[in-house]
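Please open the model in a viewer and keep the selection tool at hand.

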Amino acid sequence: MKPRIEILDKLKGHVFETVSTYYKSLSDCKYVDVRLGISEFKSAASENGQSKDVVDDYDASFGIRVIAGEMSSWGFYGQSLGKNELRNEEITNLIVSGINNAYERAIANAKKKQEFKKSADSLTEVRLAKIKVCQDTVPADFEIDPRKVSLQKILKTSVDVSLQMKELDPSVHYAAAGIRTGITRELFCSSEGANIDQSLPLTQGVVYVSAQKGESSPEVCYDYVGDLKGWEIIEGKNCYNLSFLDFALERTRDTIELSGAEFLKTSKDDVVVVTDPHFNTLLVHEIVGHPTESDRILKMETAYAGRSWLFKSMDENQVGKRIASPLVNAFSDPTTMGYGYYKYDAEGTPAKRIDVIKNGILKTFLNGRENAAVLGHEPNGSMRATMSSMVPIVRMTNTAFGPGKKDPKKIIKEVKDGYYIVNHRTPSISESRENFRISATKVYKIENGRLVKLYRGGGIMANSKDFLMSIDAVGNDFKMYPIPNCGKGQPMQIMRVGNGGPTLRGKARLAGC
Amino acid sequence: MIKTEDLRTAVAGALKYIKKQKDVIDAEVFASWSDLITIRLDYTSDIPCNGIHEPKSIQSYGLGILATFKRGNRIETGFGSVTNDLTKGGVLDALEKAKRNRVYDPDFKTLPEPVDNPALTNYHDKRVMEISGEETVDLGWKALDGALKTLRDGGHKKTIIIGGDVTILRERMAIKTTKEIDDFDETTSLAANITVMIENKNVKGTGWSMGTHLTTFKPEAAGREAAESAMRAIGGRKVKSGRHNVIFGNQPLTDIVSNVLIPSLDLSSVYASDTPFLGKLGHGIASSNLNVYDDGTIKGEIGSKKITCEGIPTGRTDLITNGTLTGFLANNYYAHKFKNNLYNPIPRNGFRYSAIGRDYKNKPGISPTNVIIEGNRGTTGDSLLKQVDNGVYIGGIWYTYAINGLAMGDFTSTIIADSFAIKDGKIASPLKPNTIRINTDINHILNNIIGITKKKRSTLVWGSREVVIAPEIAVSNVQLENVTGFLA
């Protein structure tokens, strides 16, 4: 028998007790938190109507953060958990051993920091901004329990979808469909007294299709449907209002059509571009979401994912300044549905909506407790980790451009000469996110308010601020889409986030093949 | 910590039990232990910081069973794994999962069979296997110290950023199969990747050190190198948009190889039609000066392994030979799928990697080991500069993506560090970082090679597992675009 998430009912008291008491026995140990998570999930994958893989399994792990030492420093320890360890005595022993490991690192780190402090005066003790310490239980919310859907049904759905994709047209070389559904339950206990038990379901479908006509390059499409909900996502209660099959077939039809389309050419100068909500999902992710993460703001990601064009120093930054047209609003909201939904973040901070850009003015950054303390901001609960055994880092939540008032059809109709940029594909962003090139699945030429020609292999490139300032129309067609694979951190953590927005109109250069 | 002997005993016991099961035709039992330690640097001279942010580790061990079962006339395959359990109970659990998870996949032909003997043995460092928490923390501070001292000696104390990490990976695995594969492997790898910025000078430099043994691992040297590179870039200028002759240094070449070229030279990409090299096997795809191959047997390189996670000895897989496409990376599944009278790939790249190394929870995918890029007519760095005469030396790029999918071949990236103008065959003024975007195509790069240096350097880029043993390579007419700079 595989362990069920309900096993945490038996363990949570012991975990809380251990965290609350054990750290007191360690000299100079200032803070401990433990996240212990278990996921039950089922998945299936198929290609061209042939089954490839099914999994019905669980995954469990824990991660421990410790702040210790005369000059308070971090230490972290994480490990996976087996079925036999999900028992009170075993889990208590493992957590004590994990705290000792993390504590040893923190103490060693603190000693070195003290030694280096003499010649590097910016080295400082770790401080966590105060939060409301919570004790709460958050049950998973779904219509159809992922755990009650049979593996056979998941496999059959996947096989049917990939078969129908493949059979849609002879130009389809390859069609794949994958489905994953399950529930993750995680305990968060801290030495401050937090005791949070939070469960989130996840159901996701992914399609991959390639089609080729004649000697031209194959056209490839890769896209997802999903939310933190149950099996109803696959049946059509999702951001597309399409069943997984219909979503897959729509993507396949697009790919077939595109495989015969002309390639877009790079424009010499800026042109008028209307970007649809799906494209703006990746745009807001890259030029608003990431550069407002406070670890980038504080230069902590310089070696990996980069800095932020919004913050040079404490004295020279864009907070309170205009970075976008007055029509542009952006927010980050973990309390609304989407891949970035939760009630508490990975530090136990209650989730809340924050305005990131209001009427074109930059308002604030996404943070965790340590970065909030450094910046002098209020913690806004934006810390997450991919698994309990990984260290939490600042993450976008459901981060999106806010809706406007204009009918998107009118936004296009008003364009005499321009391009309609539809559905995101791949981003490439400069180091501080001050410049972007993002490819679209489809690009249409707009002439006199009408879509007159489809191109493939295109997208747009612009300086981020120039593009945001150029926006002269914002649609009322707001959508939130899933981004399942945002990579950040070292070791790399792949995180799901929600992003979205309405239709926008601005100016950018076309980027072709 | 789990010993290799424990893993070997577990896979032997598991296979003995599985062989007694009537419905099992064949089975592969894989057990692994891995521990990834990361010491992350976070120093900012003008913002309160920790110097070393969080010394951390993630550890996991367990056992996975890939088995084939007979059901009527069909053969079905299934995979199951258990975590932190090498007992008979764990084996029963894993086998039960494999049975529950079985499917009929007509592309699955057979489990791997032994092919030859491993070239590498006993190449890990026992000291790394036993390294203490305090020692690992010290390695991070050494890297920071190397950078800080160098910057101070150069007169730079303000607007300094020092980031990056020291990463230590320790892995043990054992495998035993009904096809007579019975082997084990132990690896240790150490990598320091350090980035230094002097923000008020708008410069960035990178440095790195990699190895399998502590004696040759020099994190402080990586810190020094990053600081020296940053200082060398002071006074950077922009270049005009347009086509330029460029030299890609070790890091940019590695970024392009890891993110565009190698993913396109993988049989799973061929199967999904997601490569610009579809139907090009045996055809010229690059300058005749270019050779690219994967080789997991090079002692001292951190991409090396004795055996794959399918128990096949690592070895050399030629990918591009004298400019001709000669092969693709393969695991056992795809090697059998693509095998024909003219092409018989040996599956030297079947690995079960996750973020923390070899992972019993995964079925084997395809991963590179060490990717070697070399020219038939290797030249010196000075000669390469003379060949380019006037152009751009690119030493650091970032966010390299096949922007319209691998099949299209085009990719984009931005120049972030360690780059210079080339004037009259010599390195001239530094380039201003973050002001130039590269918009080009892998086919253009491969077919417009001016020259390749003989000297190579082992290089690793963020998010990639493979080591690229990269020369410097000059390419003509690469499209560069001027973009805005930081907070411009």
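This is a predicted model: local features need pLDDT of at least 70, side-chain atom pairs count only at pLDDT 80 or more; totals for chains, interfaces and linings use all residues.

Residues are numbered from 1 along each chain as its sequence is written, and chains are lettered from A and ligands numbered from 1 in the order in which they are written.

**Domains of chain A**

Select residues 7-196 of chain A, which form domain 1, and then residues 270-511, which form domain 2; such bounds come from an automatic or database domain assignment. The C-alpha centres of these two domains of chain A are 26 Å apart. Where they meet, 24 residues of domain 1 are in contact with 17 residues of domain 2 (contact: C-beta atoms, placed from the backbone, within 7 Å). On the domain 1 side, β1 (29-47), β2 (50-68), β3 and β5 (172-190) of chain A each contribute at least two residues. Helices (H or I, at least four residues) and strands (E, at least two) are DSSP runs, numbered from the N terminus. That side of domain 1 consists of 12 nonpolar, seven polar and five charged residues. Here Ala, Val, Leu, Ile, Met, Phe, Trp, Tyr, Cys and Pro count as nonpolar, Asp, Glu, Lys and Arg as charged, and the others, Gly among them, as polar.

**A covered strand in chain A**

Next, select strand β22 (residues 493-501) of chain A, where seven of the nine residues are buried (buried: 20 or more other C-beta atoms within 10 Å of the residue's own, with C-beta atoms placed from the backbone). Which strand runs parallel to β22(A), joined by three bridges? The partner is β15 (residues 398-401) of chain A, and A:Asn398 has A:Gly498 as its bridge partner. Two strands pair if DSSP finds at least two bridges between them. Strand β21 (residues 479-488) of chain A pairs with β22(A) in the antiparallel sense over eight bridges, with A:Tyr481 opposite A:Asn499. Four residues lie between β21(A) and β22(A) in their hairpin, and A:Gly489 there takes a positive phi near 95°.

**Where the chains meet**

Now display both chains: 76 residues of chain B are in contact with 75 residues of chain A. Strand β2 (residues 51-71) of chain B supplies the largest share of the chain B side, 11 residues. By class, this side has 35 nonpolar, 27 polar and 14 charged residues. Strand β3 (residues 73-80) of chain A pairs with β2(B) in the parallel sense over two bridges; select A:Gly78 and its bridge partner B:Ile58 to find this pairing.

**A sheet in chain B**

Finally, select the open sheet of six strands in chain B, with mixed pairing and the order β10-β9-β8-β15-β25-β24. β10 (324-325) and β24 (457-459) of chain B are at the edges with a single partner strand each, so one side of each has no neighbour in the sheet. Helix α6 (residues 250-264) of chain B packs on this sheet, touching β15, β24 and β25 of chain B, and its direction makes about 130° with that of β25(B) (axes are lines fitted to C-alpha atoms, for helices over the stretch in contact, and angles run from 0 to 180 degrees between N-to-C directions). Strands β15 (residues 370-375) and β25 (residues 467-470) of chain B run parallel, joined by three bridges; B:Val371 and B:Val468 are bridge partners.

Notes:
Two residues are in contact if their C-beta atoms, placed from the backbone, lie within 7 Å. A residue is buried if 20 or more other C-beta atoms lie within 10 Å of its own, exposed if 12 or fewer, and partly exposed in between; C-beta atoms are placed from the backbone.
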